Amino acid sequence: MGKSIYLITVLSNLDFFASFVLIVTALTFLIVTCIFFDFKDYCRDEECKGLNAYKSYIKKLAIIFSICITINILVPSKEEMYMIYATKYVTKENLQMTKDEVKNLIDYVFDKVKELNSEK
């Protein structure tokens, strides 16, 4: 159980980091693209050697952007990961429980996880 909770925490942090990098990459991509197109309009053939550097930088940003967006799409939220993990413990007896009992059980699990996280 401890390994699963650790994995959920790591994936949640990875998702948060990917979101941050996604925002920074998008802003940088916009700035570099604007500079690239501005530079492209005013350069002559001899002076356009710097365009290749901009092109490679834009490609790198596009790759980072694609990786971050993929992580954001594929990694579920922390609460969803806990719910997915909790489905492992669903039995026929648990299916007979009422909706309120299920909500109380989920709240209890979240409270215990928060206690474990706060003890660290």
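Good morning. I begin with one side chain: that of Thr9, which reaches the backbone oxygen of Ile5 at 2.9 Å. Please keep in mind throughout that this is a predicted model.

Where does Thr9 lie? Its place is in helix 1, which covers residues 2-42. Leaving aside neighbours within four places in sequence, Thr9 is in contact with Lys78 and Tyr82.

Those two residues lead us to helix 3. Helix 3 comprises residues 78-86, and it packs with helix 5 at an angle of about 115°, the axes being 12 Å apart. I quote both values because two packed helices are described by the angle between their axes and the distance between the axes. The crossing of helix 3 and helix 5 is right-handed.

Which residues meet there? From helix 3 come Lys78, Glu79 and Tyr82, and from helix 5 come Phe110, Val113 and Asn117. Sorted by class, this contact has 3 nonpolar, 1 polar and 2 charged residues.

How many salt bridges does a search of the whole structure find? The search finds 1. It is formed by Lys112 with Glu115, and the closest N and O atoms are 3.7 Å apart. As a general point, side chains of opposite charge can pair when their charged atoms come close. Both Lys112 and Glu115 lie in helix 5, residues 99-119, and they are 3 residues apart, about one turn of the helix.

Are these two residues buried, exposed or partly exposed? Lys112 counts as partly exposed because its relative accessibility is 35%. Glu115 also counts as partly exposed, with a relative accessibility of 39%.

Phe17 lies in helix 1. With a relative accessible area of 52%, Phe17 is exposed, because the cut-off for that class is over 50%. In sequence, Phe17 and Cys68 are 51 residues apart, yet in space their C-alpha atoms are 8.8 Å apart.

Tyr57 has its place in helix 2, residues 50-74. Its relative accessible area is 40%, so Tyr57 is partly exposed. Not counting residues up to four places away in sequence, Tyr57 touches Thr28 and Val32. Val32 is 25 residues from Tyr57 in sequence, and the distance in space, C-alpha to C-alpha, is 8.1 Å.

Thank you for your attention.

Technical notes:
Residues are numbered from 1 along each chain as its sequence is written. This is a predicted model: local features need pLDDT of at least 70, side-chain atom pairs count only at pLDDT 80 or more; totals for chains, interfaces and linings use all residues. Side-chain values use heavy atoms; hydrogens and water are left out. A salt bridge is a side-chain nitrogen of Lys or Arg within 4 Å of a carboxyl oxygen of Asp or Glu. Helices (H or I, at least four residues) and strands (E, at least two) are DSSP runs, numbered from the N terminus. Buried means under 20% relative accessible area, exposed over 50%, partly exposed in between (1.4 Å probe, protein chains only). Axes are lines fitted to C-alpha atoms, for helices over the stretch in contact, and angles run from 0 to 180 degrees between N-to-C directions. A crossing is left-handed if the near helix is turned anticlockwise from the far one by less than a right angle, and right-handed if clockwise. Contact means heavy atoms within 4.5 Å. Ala, Val, Leu, Ile, Met, Phe, Trp, Tyr, Cys and Pro count as nonpolar, Asp, Glu, Lys and Arg as charged, and the others, Gly among them, as polar. A polar contact is a pair of N or O atoms within 3.5 Å; within protein, one must be able to donate a hydrogen and the other to accept it, and residues adjacent in sequence count only if both atoms are side-chain atoms.
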